[in-house]
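Thank you for asking me to look at this structure. My comments follow as numbered points, written for someone who is new to reading such models.

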Amino acid sequence: MANRWLDSRYGLFFGTLVLLATLEMAKSEHYKVVNEPTSGSSTFTEHVKRYRERRSLTEPSETTSIPPYDERECGHRNINGIIPDNVRNEHGEAEFGEFPWMAAIYRRTTDLKLEYLCGGTLIEVGAVLTTASCIQRHRGQKHLLEVRLGEWDMSHEDEPIPSIDVGVQAIHIHREYATNKVNDIAIIILSDTVELTHTVGVACLPDASVDSYDFVAAGWGEVPKHIDPAELSQTVLKKDNLPVIDDKTCEQKLRSLQSPRYSLHNGRICAACSLPDSSSFRNDAGSPYMVSIPGTEERYYVVGLSSSGYACSRSDMPTVLTKVSYHRTWIDDVVRQAGFSPLVYTYHLQEEE
């Protein structure tokens with residue numbers, strides 16, 4: 001009986017060791033750093049294969065590759081994505097890598113899950129622009145925040161080029177931000193600078209108003225609070241073209257909802273819905289609204305940040321945006337204080353000549 005007791009004790013001991021070793025291997029496999037696949041490599045081919053199979057795309061050829069990355073100035077949109085012969089253009093989904101300045105801002109919960117908070121815009125290699133209404137209540141817990149760049153589908157990690165997660169060093173809220181969302185703007189300074197790639201790039205910001213008839217909006221919309229591994233259509237980055245509403249019309253619409261005395265602040269602009277389902281952007285604070293830079297080919301200014309809005313079913317009520325150009329001086333001051341340069345997100349005419 002003593003021998004059987006010892007055998008069972010040793011069996012339990014060694015079984016525990018094997019279990020711990022297995023868990024450690026799984027943990028290291030989950031958290032390991034994945035290098036960006038190089039053009040033409042077998043690793044990249046496997047990435048594309050899994051990606052296309054998962055998204056029900058056509059089978060790739062063995063020669064499928066991403067063109068070499070050449071560092072570019074701000075605001076370059078990859079309108080067809082970065083994977084050749086893989087233009088989806090369906091369900092309002094953005095192409096993979098179409099808006100390389102898109103940022104997703106998360107909070108780490110007590111059970112270590114990532115909770116999606118809002119969208120943002122990369123304006124420098126260490127600075128992300130977003131709204132104060134999204135980030136203010138979390139400024140005292142910046143150690144729990146993470147900014148993800150190069151993201152596309154939040155429910156999957158095996159995209160052709162992995163996304164990058166960066167911590168938060170500092171949060172700057174506009175000193176005159178008010179609860180009515182006037183001056184609804186903030187800047188996150190990242191804990192480390194990022195390398196620009198096909199899927200990680202900086203936006204251009206205007207220093208004056210830009211005339212346009214419509215915006216290009218991008219965002220994840222009403223994604224689940226905790227991202228489930230299962231494939232969920234709402235976790236893919238969306239895009240839409242939304243008409244501009246002039247200030248006077250917007251003010252009149254908002255007076256009918258809020259107060260007859262409502263006055264649209266000079267630091268705000270408005271967008272309408274193009275379709276009833278375009279309301280997916282309306283609960284995605286901080287997400288960028290863009291217009292084409294005049295005289296350029298697929299280069300864009302981020303002119304607005306999603307601040308507040310109403311469902312599109314409510315008589316075409318507007319989404320109210322933070323007007324970026326109105327806050328350009330404040331943005332520049334914060335960026336300089338952090339040791340970065342406003343020149344990075346400033347469009348220069350000679351770049352196109």
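1. A residue is called buried when its relative accessible area is under 20%. Please keep in mind that this is a predicted model. With that cut-off, Cys74 counts as buried because its relative accessibility is 1%, and Cys204 counts as buried at 0%.

2. Searching the whole structure gives 3 disulfides. One of them joins Cys74 and Cys204, whose sulfur atoms lie 1.9 Å apart. The torsion about this S-S bond is about 90 degrees, so the disulfide is right-handed. The pair connects distant parts of the chain, since Cys74 sits in the loop between α2 and β1 while Cys204 sits in the loop between β6 and β7, 130 residues apart.

3. Another disulfide is formed by Cys118 and Cys134, with 1.9 Å between their sulfur atoms. Here the torsion about the S-S bond is about -70 degrees, and the disulfide is therefore left-handed. Cys118 belongs to strand β2 and Cys134 to helix α3, and the two are 16 residues apart. Cys118 is buried at 0% relative accessibility, and Cys134 is buried at 5%.

4. Cys250 and Cys270 also form a disulfide, with their sulfur atoms 1.9 Å apart. Its S-S torsion is about -70 degrees, which means that the disulfide is left-handed. Because Cys250 lies in helix α4 and Cys270 in strand β9, the pair ties together parts that are 20 residues apart in sequence. Cys250 is buried, with a relative accessible area of 0%, and Cys270 is buried with 1%.

5. Which residues of helix α4 are buried? They are Cys250, Glu251 and Leu254, in a helix that runs over residues 247-257. Viewed down the axis of α4, these buried residues fall within an arc of 100 degrees, so they line one face of the helix. Lys248 and Ser256, on the other side of α4, are exposed.

6. The surroundings of helix α4 deserve a look as well. Its buried residues pack against β8, β9 and β12. At the N-terminal end, α4 is capped by Asp246, which has a side-chain oxygen 3.2 Å from the backbone nitrogen of Lys248.

7. Pro243 is partly exposed, with a relative accessible area of 32%. Between Pro243 and Cys270 there are 8.9 Å in space, C-alpha to C-alpha, although the two are 27 residues apart in sequence.

Technical notes: Residues are numbered from 1 along each chain as its sequence is written. This is a predicted model: local features need pLDDT of at least 70, side-chain atom pairs count only at pLDDT 80 or more; totals for chains, interfaces and linings use all residues. Side-chain values use heavy atoms; hydrogens and water are left out. Buried means under 20% relative accessible area, exposed over 50%, partly exposed in between (1.4 Å probe, protein chains only). Helices (H or I, at least four residues) and strands (E, at least two) are DSSP runs, numbered from the N terminus. The arc is that of the directions from the helix axis to the C-beta atoms. Contact means heavy atoms within 4.5 Å. A polar contact is a pair of N or O atoms within 3.5 Å; within protein, one must be able to donate a hydrogen and the other to accept it, and residues adjacent in sequence count only if both atoms are side-chain atoms. A disulfide is a pair of cysteine sulfur atoms within 2.5 Å.
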